[in-house]
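Got a model open and wondering where all those labels come from? Let's go through a few of them and check each label against its cut-off.

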Amino acid sequence: VNKLRSALTMLGIIIGVGAVIAMVAIGSGAANRISEQIASIGSNLVIVLPGSATSGGMRMGHGSRLSLTEEDARAIALQVPGVVTAGGNMRGGAQVVFGNQNWSTIIQGTTPDFLEIRDWELADGKFFTAEDMDGATKVAILGQTVKENLFGDGDAIGQIVRIKKVPFTVIGVLSRKGQSTWGQDQDDTVVIPLSTAKKRVLGVSQANARAVGVISIKVESADLIPDVQQQVIDLLRQRHRLQPYQEDDFDVRNLAEAFAAQEASARTMTLLLGAIASVSLLVGGIGIMNIMLVSVTERTREIGLRMAVGARSRDILGQFLVEAVTLALIGGILGILLGVGGSHLIAMLAGWSTLITPGSIAMAFGSAALIGIFFGYYPAHKAAFLDPIEALRYE
């Protein structure tokens, strides 16, 4: 009967439910984006970096000391339980040329198990083999960014590219990985055999020809990472003949710890945004209670008449509770539509990653129903226990 009053009553619930869904979608989208970036790096990954060299009293930072070798990677793969595989890697920048096109990119010299370690797949072609490693074959696998800049939509397989004036045959193209958590384009790379990188492109150190820039380790499961990390430290200290009082000449890093901290921050942000938006639901519930109290006052004679012809207190209670819950649920449905639409609008206009989950919709809808019951109970209880005689006399 009172359409405008009902609409205004539901407005608080509509805004509250919509705000909860939109805010949770923003937080969930951020958490999901972090998870995607973690997966793009490689699951269950542990990396070992060379230690810091000291020259003239100055410490040069990680990687300045040639303390890791190909043999260290092989020993880790064979001797540490829980390790699926491990491989050495060298990186350096270079210009890649094809015809009249050129592109500056990252050259990675690595081992045949690179795809397994990084959880990477090929979009086309094949990867190099152990025979290519042994023979220092001049073959290359291109990342998507390099392929697009050199070949566009054309086929790269079988073509000859020049890396630092050395001809390489393209035998594969990597699938797209996207950006890493620190904003690096992982597809802007060319992968070649480690032996070829040392002999033809990146060069080797005269001090240690077997040195590598980093060792990447793939672990069987995330639960084993702490144990594997400690065993790798023990093994490398033994292989490098370090005394107990000497510092490590390498650095073992567990990427899962950094990513877990980022995920925890995203979850905290989601809870915070949801809690802030829930205030709107509380305001909407108060609005329902106020309007229902006004309704009880206006319908006092109706309540008295119903009681006079046999209605019991629980019938009156049920009537007003149903009205309150109905208002809340209709507001909840409209709020869900507003929240879903608002989330898509935010993603489109602001470019943010949003993720609407069935759980957030169910939570918001359930909250609307609970608010209808909670805030509608007091007016319903007041109506149910009116004195019928006094109610009939009410003008």
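Q: What makes helix α5 (residues 144–151) count as largely enclosed by the rest of the structure?
A: First, keep in mind that this is a predicted model. Six of the eight residues of α5 are buried, so the helix is largely enclosed. Buried means under 20% relative accessible area, and the residues of α5 that pass are Gln144, Thr145, Val146, Lys147, Leu150 and Phe151. Just after α5 comes Gly152, with a positive phi of about 60°.

Q: Why is the contact between Glu70 and Lys198 called a salt bridge?
A: The general idea is that side chains of opposite charge can pair when their charged atoms come close. The cut-off is a Lys or Arg side-chain nitrogen within 4 Å of a carboxyl oxygen of Asp or Glu. For Glu70 and Lys198 the closest N and O atoms are 2.6 Å apart, and the pair forms a salt bridge. Glu70 sits in helix α2 and Lys198 in helix α6, so the bridge ties together parts that are 128 residues apart in sequence. Both Glu70 and Lys198 are buried. They also belong to a network of salt bridges that links Glu70, Glu71, Lys198 and Arg210.

Q: What makes Asp119 partly exposed, and is Lys218 buried or exposed?
A: Buried is under 20%, exposed is over 50%, and partly exposed is in between. Asp119 has 33% relative accessibility, so it counts as partly exposed. Lys218 has 11%, so it counts as buried. The two side chains meet in a salt bridge, at 3.1 Å from N to O. Asp119 lies in the loop between α3 (114–118) and β6 (122–125) and Lys218 in strand β11 (residues 214–219), so the pair ties together parts that are 99 residues apart in sequence.

Q: Why are α10 and α11 called roughly antiparallel?
A: Angles over 145 degrees get that label. Helix α10 (residues 313–350) packs against helix α11 (residues 358–384) at about 150°, with the axes 7 Å apart. The two helices are therefore roughly antiparallel to each other. Their crossing is right-handed.

Q: What makes α2 and α7 oblique to each other?
A: Helix α2 (residues 70–79) and helix α7 (residues 225–239) pack at about 135°, with their axes 11 Å apart. By those cut-offs, α2 and α7 are therefore oblique to each other. Here too, α2 passes α7 in a right-handed crossing.

Q: What makes Leu334 partly exposed?
A: Its relative accessibility is 38%, so Leu334 counts as partly exposed. You'll find Leu334 in helix α10. With Ile330, Ile333, Leu337 and Phe365, Leu334 forms a nonpolar patch on the surface, with about 430 Å² of accessible area together. The largest share of that patch, four residues, comes from α10.

Methods:
Residues numbered from 1 in each chain as written. Predicted model: local features only at pLDDT ≥ 70, side-chain atom pairs only at ≥ 80, totals over all residues. Heavy atoms only, no water. Patch = residues over 30% accessible without salt bridge, like charges linked within 9 Å, V, L, I, M, F, W, Y side chains within 5 Å. Areas by Shrake-Rupley, 256 points an atom, 1.4 Å probe, with all protein chains shown as cover. Buried < 20%, exposed > 50% of the residue type's maximum accessible area, 1.4 Å probe, protein only. Axes fitted to C-alpha atoms, helices over the stretch in contact; angles between N-to-C directions. Parallel < 35°, antiparallel > 145°, perpendicular 65-115°, else oblique. Left-handed = near helix turned anticlockwise from the far one by under 90°.
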